[in-house]
Amino acid sequence: MKAKILLAVAAFLLPSVYASPLPEKADLLASNTVVAQYVGVQERPCYFRTALCPDRCDHSMKAAQFRILSNEAYEKPGKYGDEKAAAGNMLLIDVKNDVPGQPDGMLQKLSELKPGQLVRLTQKHYYADMGEVMMPIRPVTELEVLKDGACEEIPSMPEDPANHDHEVMPINRMRR
């Protein structure tokens with residue numbers, strides 16, 4: 001009886017320690033390998049969008065933030081998938097929950113980073129069959145610390161050319 005209880009407790013705790021494998025039915029949509037600077041961790045709260053919020057939804061997340069400096073490799077084999085990560089963009093990675101397809105110890109590596117460190121990381125974008133639901137997953141498959149300290153120049157967020165192609169219509173104000 002004690003062995004069954006011990007196994008049940010171990011099965012409950014194991015998912016938080018060991019990464020789960022990538023599902024068998026997972027299509028690679030895109031892959032980005034970037035050099036980025038670690039900015040820090042941001043707490044992202046639940047936005048109360050479902051009936052399960054906030055107690056049973058698991059929408060809140062702890063996200064590691066990276067400012068992308070350059071994109072070394074990009075692959076998008078089909079029509080769908082993440083776009084090429086541009087210099088200046090922010091990349092957010094969940095450090096609270098393990099993502100299927102992530103190597104063991106990735107959450108530990110992410111938690112050991114210090115703000116300002118430069119890293120090379122590869123994030124893949126899959127569309128995976130998780131049993132009852134198909135959903136996108138974005139595991140970080142590689143993480144390499146390049147050097148400590150801040151880089152000389154951090155690019156700013158790229159401007160969206162779509163915002164400059166049209167004039168903005170003025171807002172009419174009601175007179176009293």
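Met-130 sits in the loop that links β4 (118-129) to β5 (134-137); strands here are DSSP runs of E, at least two residues, numbered from the N terminus. This is a predicted model, where local features need pLDDT of at least 70, side-chain atom pairs count only at pLDDT 80 or more, and totals for chains, interfaces and linings use all residues. Residues are numbered from 1 along each chain as its sequence is written, and side-chain values use heavy atoms, with hydrogens and water left out.

Met-130 counts as partly exposed because its relative accessibility is 33%; the class lies between buried, under 20%, and exposed, over 50%, with a 1.4 Å probe and protein chains only. Together with Val-133 and Met-135, Met-130 makes a nonpolar surface patch of about 230 Å² accessible area. Patch members have over 30% relative accessible area and no salt bridge, and nonpolar side chains are joined within 5 Å. A salt bridge would be a Lys or Arg side-chain nitrogen within 4 Å of an Asp or Glu carboxyl oxygen. Areas are Shrake-Rupley.

Now the strands on either side. β4 and β5 run antiparallel, joined by 4 bridges; pairing requires at least two in DSSP. Tyr-126 is opposite Ile-137 of β5. The hairpin has 4 residues between the strands, and Gly-131 has a positive phi near 105°.

Next, Met-61, in strand β2 (residues 61-75). Met-61 has 23% relative accessible area, so this residue is partly exposed. Beyond neighbours within four places in sequence, Met-61 has contacts (heavy atoms within 4.5 Å) that include Arg-44, Ile-93 and Asp-94. Its C-alpha is 6.5 Å from that of Pro-45, 16 residues away along the chain.

How values were computed
Patch = residues over 30% accessible without salt bridge, like charges linked within 9 Å, V, L, I, M, F, W, Y side chains within 5 Å. Areas by Shrake-Rupley, 256 points an atom, 1.4 Å probe, with all protein chains shown as cover.
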